[in-house]
Amino acid sequence: MKKTLHKNIRREFQFSFSRFLSVTLLLALGVFVLVGLKSTGPDMRLTANHYYQQHHLADAQLTSNFPLSKTDRKQIKKQLQQHHGQRWAAVQQQDGLITTGSTPKVIRIQNFTTNLAQVHLCQGHLPRQNNQLVLNVRDRHHYHLGQWLNIKFTSDHNVYNNLPKQRWQIVGFVTSSDYLDKSQLGVTPLHHGRVQTFGYVRRQAFVHWQPTIIKINFKLQLRKAYNQSYEQQNQKYVDRLQPLVNRLAAAKTQRIRQHWQAIYQQQLQQMQSLNPNNPAAVFQAPQLLQLQQRIAHLPSVSYTIQTRNDYDYGYRTFGEEAQRIDILSRVFPYVFFLVALIVCFTTMSRMASEKRTELGVLTGLGYSKPAAVEVFLVYGFLSGLLGSILGAYLGTKFLAVKIYQAYAANYALPALWARPAWKWILIAGTIALLVAIVPPLFVAFRELQENVADLLQPLVPTKGGRIFLEKWTGFWQRLSFKYQIALRNIFRYQMRMLMTIIGIFGCTALLITGFGIRDSLTGIVATQYQKLIHYDAVALLSPQINSEQQLAYQKKVRQHHDVRQTQLINYQTVYVRSPKNAVNQEVTAIAAPTYHQLNHFITLKNPQQQPLNLHKLSGIVITQKLAAAQHVAVGDQLKFQDQLGHHLHGRVAAISQMYAGHFIFLAGTQYRKIWQQPLTANALMIKNRQRSSIPLDHLATWLNHQSATQGVIRSDTIKDAVNYILDGLNNLILIIIICSSLLALVVLYTLTNINVDERKRELATMKVLGFSQTEVVMSIFRETLFLTGIGILLGFAGGYGLHHYIMQTLPPQNVMVLLRLKPTNFLVSTLMTFLFAIIVMLIMAYKIQKVDMLAALKETD
Amino acid sequence: MAYIELKHVFKIYNRGQNNEIRANNDLTFALNAGELTIIVGESGAGKSTLLDILGGMDTITAGSVRINNEDISHYNYRQLTAFRRRAVGFVFQFYNLLPNLTARENVALAAELVSQPAAIDDILQAVGLHTRQNNFPGELSGGEQQRVAIARAIVKNPALLLCDEPTGALDYHTGKKILKLLQDFCHSQNKNVIIVTHNQMIKPMADHILELADGQIKKDELNPTPTPVEQIEW
């Protein structure tokens with residue numbers, strides 16, 4: 001019955017395909033960004049959780065600085081059983097050097113476990129003999145199955161070599177959830193201090209079974225990575241256990257001391273019996289003096305229990321990355337969608353007004369209202385549906401995957417599980433459909449209220465008239481006629497003027513924010529390492545050397561040709577916990593002995609640029625971001641915990657500038673106040689002559705060879721970590737900028753298209769009168785440029801605000817951003833937007849050229 | 001019984017206000033079945049308004065309109081639509097063809113509305129567009145487009161054919177051809193054809209002549225001997 005009517009509808013798509021394309025693309029873009037950004041975070045967490053489950057990643061880990069004997073393990077096991085412990089496994093660790101191949105590689109070897117914290121086989125099989133090992137799968141290209149490796153284990157640093165074998169055969173390649181971060185596999189006292197790969201062997205391969213690590217799983221209802229209630233419950237259990245195992249550790253320390261005291265007494269008595277005449281002199285005997293020293297410097301045993309967030313470096317940072325994307329998804333997609341919606345609204349409304357006479361004809365012929373507006377339903381529905389499907393598909397399978405690849409490049413996680421986020425797809429799709437269908441229907445029905453007769457009359461073009469600007473005669477008279485016309489026209493088509501401005505405003509704001517994120521973050525690292533942090537390495541000293549030995553060590557290091565300056569300090573890692581979540585924040589606490597300044601190594605100044613003198617302050621100095629994160633100001637108390645869970649607090653006397661990493665700086669007097677014991681040095685701060693990484697590697701290796709060194713911490717570790725995050729963000733920014741550019745292009749194209757279509761008669765008239773092609777094009781372009789300019793200016797303000805908002809929440813917890821927008825940012829954004837306007841105008845120029853003057857003039861519409 | 005009957009029909013815009021316009025100011029007349037009626041008047045006399053009322057395209061402010069014993073005076077939108085569908089064929093001054101459909105399809109669009117339309121091919125032959133039926137309106141001349149419009153109006157087999165300045169945009173000879181088409185249709189099919197025009201010279205071709213001025217009927221006269229169009233010169 002309605003065969004030809006439907007034919008007419010089909011022809012609509014054929015003949016105004018560019019409009020269909022515009023609308024569909026705009027909607028697709030909006031849905032793309034919304035669905036993509038909303039899916040990524042949850043998909044990332046899903047992917048990671050699956051990986052963790054596959055490897056049975058342990059809820060918590062207990063680390064001891066002393067080998068755990070059978071009795072120790074039994075005691076710990078008892079505590080675990082009484083406090084929600086469900087499963088545990090003991091792990092022993094030994095670092096070695098692979099000497100097979102051109103460059104030596106530091107390898108960390110552990111025994112594999114079968115009930116918890118398992119490895120996942122990618123190739124081959126688990127070791128069956130004591131001289132077999134499975135290797136990190138990422139080394140699959142350097143080594144092959146069946147290959148024999150020479151691994152050198154040393155017996156220095158008081159670490160007894162428990163793996164006597166020299167040659168090990170690779171029987172498999174594995175992944176392990178303990179090594180999530182590809183670049184940070186661990187710190188070691190061997191060689192240059194960085195663990196480069198890992199391997200697993202049989203428990204029986206260790207000559208003496210002396211594990212230092214216990215992996216723990218708790219009885220939990222839910223074990224879902226990054227889930228709020230899981231993480232909080234996990235942390236709660238760990239917090240409860242820490243004081244309990246502290247007691248065990250203290251008891252063990254006592255036992256060791258008593259053990260050595262007993263030996264001492266034994267020796268003493270032996271020697272005294274051999275030397276009955278001079279019992280007092282015996283005390284001066286060298287071996288007794290040595291024993292005395294030893295007893296005095298017996299390290300205390302410490303057990304540290306940590307949740308996944310703290311013992312597994314990649315775990316926490318990955319969770320934070322996913323969170324960061326969630327944050328971005330709170331704002332960006334809506335700006336996109338809004339602009340897309342506004343332009344679609346304009347386009348579809350315009351379509352309805354264009355079809356005015358057609359509506360009249362159809363109703364004149366006797367078609368019902370629904371039949372007459374059917375075309376809008378079909379058109380709108382199809383473009384909305386197509387746009388939604390396209391956007392949702394690409395958003396889920398492309399955008400989410402690309403973002404993941406950029407962010408998670410650094411993590412040893414498999415490809416993203418790109419699960420469709422049905423809730424958001426539904427929401428985005430519904431909005432898209434509504435926007436495509438409702439505006440034209442609304443306009444059409446409004447038109448159908450008029451009498452058919454009126455519909456059939458050509459619509460009176462929008463009334464021209466004087467604009468308010470003309471009242472300002474001084475200005476108006478100075479304008480050339482061309483510009484007067486341009487201004488009059490702009491105010492004549494008010495709706496379109498507004499839409500253009502809003503569209504450009506949105507796009508410019510997005511561009512500026514995109515560039516701005518980069519501006520604010522990339523400067524940080526350079527600034528910090530040029531202006532604030534001047535030291536290059538911190539050598540941790542063995543707790544068993546006395547202060548004389550420390551000074552001798554310092555002298556030796558100072559004589560190294562690469563070293564410029566050194567300073568003995570107390571260097572500790574403490575933790576703060578933000579009240580909102582259960583995650584701990586690492587803080588580096590550096591304390592300087594009373595008569596020394598840190599100025600040569602760290603520049604301490606407050607945000608008002610005033611220098612800070614540690615020793616004149618009655619309190620501690622904390623870094624900016626730390627103060628902000630913990631909501632403390634000068635005069636407040638900062639609460640923190642040490643490695644053993646002891647709660648401490650200190651008065652904040654000043655806040656210092658710092659960009660990456662949390663720090664606390666304090667003088668000796670403050671240290672004594674807070675820790676209730678006198679300040680002792682435990683590390684040496686070192687400043688090099690050169691700052692590049694190769695001399696630093698050499699230095700680190702040399703330092704590690706010294707028996708007094710327990711480990712070397714490089715100042716550029718934070719730098720590397722932050723840089724990785726920034727790299728990931730840079731990729732994301734690129735995606736945002738590309739999408740914003742696309743949006744700007746489509747917006748400009750659509751609006752200019754409408755402009756030209758609506759004024760075909762005007763343009764034809766101009767051509768007939770004899771205006772050149774350029775003059776005709778420029779008449780429209782002048783208006784577009786003017787509106788684009790206004791949109792850009794407004795976009796500056798919008799971009800500034802959006803950037804500000806994003807920078808509050810986007811950066812990692814321990815990174816302070818320079819809230820700045822470089823002038824080049826504004827320049828580039830402006831140039832880009834104008835470039836898009838020019839490109840669109842060139843396309844339009846072609847279209848205008850093709851306008852058949854006479855045909856356009858004859859048309860009644 | 002008159003086929004079309006109007007009694008005291010008013011069409012007033014902005015009633016009661018300062019700028020009240022009486023497009024039709026108390027019209028009363030009757031047309032018999034099968035009459036070729038011409039409504040003449042200067043621009044602004046109210047001709048098009050009257051035509052729109054007759055075709056059920058516009059409502060009246062007051063009065064009564066009866067067409068073929070059907071009182072359409074108080075019809076609502078839906079009823080008017082139904083009336084138009086089955087009873088009226090309309091030819092506009094500016095053709096108003098659907099640009100996305102070919103000539104034939106434009107005619108088919110109207111044919112599909114009624115249960116017993118005329119054969120499309122016959123109609124296209126009758127207006128002489130059989131060879132151009134697959135062209136789009138953009139490819140047709142003014143005269144050809146108008147003929148498509150007439151074909152579209154006729155194919156529905158309407159009781160009433162209304163034409164608003166059908167030759168307004170056409171040259172002398174083409175216009176004459178169009179008028180001949182309309183005259184032949186009226187007499188061969190015995191349908192009412194009403195033509196609105198400001199051209200006084202074609203009055204002789206009509207059976208019934210209504211002269212309008214200032215929204216009122218100045219002259220209402222019958223012409224017992226209408227002249228065939230081809231014999232009229234102007």
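**Salt bridges, the A–B interface and selected local features**

A search of the whole structure finds 31 salt bridges over all chains, a salt bridge being a side-chain nitrogen of Lys or Arg within 4 Å of a carboxyl oxygen of Asp or Glu. The structure is a predicted model, in which local features need pLDDT of at least 70 and side-chain atom pairs count only at pLDDT 80 or more, while totals for chains, interfaces and linings use all residues. Residues are numbered from 1 along each chain as its sequence is written, chains are lettered from A and ligands numbered from 1 in the order in which they are written, and side-chain values use heavy atoms, with hydrogens and water left out.

We can begin within chain A. The side chains of A:Lys105 and A:Asp139 form a salt bridge with an N to O distance of 2.8 Å. This pair links distant parts of the chain, 34 residues apart: A:Lys105 belongs to strand S4 (residues 105–111), and A:Asp139 to the loop between strands S6 (132–136) and S7 (148–152) of chain A. Helices (H or I, at least four residues) and strands (E, at least two) are DSSP runs, numbered from the N terminus. Both A:Lys105 and A:Asp139 are buried; buried means under 20% relative accessible area, exposed over 50%, and partly exposed in between (1.4 Å probe, protein chains only).

Another salt bridge joins A:Arg356 to A:Glu450, with the closest N and O atoms 3.1 Å apart. A:Arg356 lies in helix H9 (residues 356–365) of chain A and A:Glu450 in the loop between helix H11 (422–449) and helix H12 (452–456), so the pair ties together parts that are 94 residues apart in sequence. A:Arg356 counts as buried at 9% relative accessibility, whereas A:Glu450, at 29%, counts as partly exposed. Helix H9 of chain A is itself largely enclosed by the rest of the structure, because nine of its ten residues are buried. Among these buried residues are A:Arg356, A:Glu358, A:Leu359 and A:Val361. Just after the helix, A:Gly366 takes a positive phi of about 120 degrees. A network of salt bridges links A:Glu12, A:Arg19, A:Arg350, A:Glu354, A:Lys355 and A:Glu358.

Further along chain A, helix H19 (residues 693–705) has 13 residues and reaches 18 Å from its first C-alpha to its last, close to the 18 Å expected at 1.5 Å a residue; the expected span is 1.5 Å times one less than the number of residues. Buried residues of H19 in chain A include A:Pro695, A:Leu696, A:Leu699 and A:Leu703. Among the elements of chain A that cover the buried residues of this helix are helix H16 (547–558), strand S13 (563–577) and helix H20 (716–758).

Turning to the interface, chain B and chain A bury about 2,400 Å² between them, 58% of it on carbon and sulfur atoms. Buried area is the accessible area (1.4 Å probe) that two parts lose on being put together, summed over both. On the side of chain B, B:Tyr77, B:Asn100 and B:Glu112 lose the most area to chain A, together 27% of what that side buries. The contact (heavy atoms within 4.5 Å) takes 26 residues from chain B and 27 residues from chain A.

The rule finds two salt bridges across this interface. A:Lys7 and B:Glu105 meet in a salt bridge through their side chains, at 3.0 Å from N to O. Helix H2 (77–87) and helix H3 (103–111) of chain B each supply at least two residues of the side that touches chain A. B:Asn100 sits in the loop between strand S6 (88–91) and H3 of chain B, and counts as buried at 10% relative accessibility. Leaving aside neighbours within four places in sequence, B:Asn100 is in contact with A:Asn8, A:Arg11, A:Glu12, A:Phe15 and B:Phe136.

Within chain B, B:Arg86 forms a salt bridge with B:Glu70, the closest N and O atoms being 3.2 Å apart. B:Arg86 counts as partly exposed at 44% relative accessibility, and B:Glu70 as buried at 18%.

A:Tyr226 is not a glycine, yet has a positive phi of about 70 degrees; the residue is in the loop between strand S10 (213–218) and helix H4 (228–274) of chain A. B:Asn157, also not a glycine, has a positive phi of about 55 degrees and is found in the loop between helix H5 (142–155) and strand S7 (160–164) of chain B.
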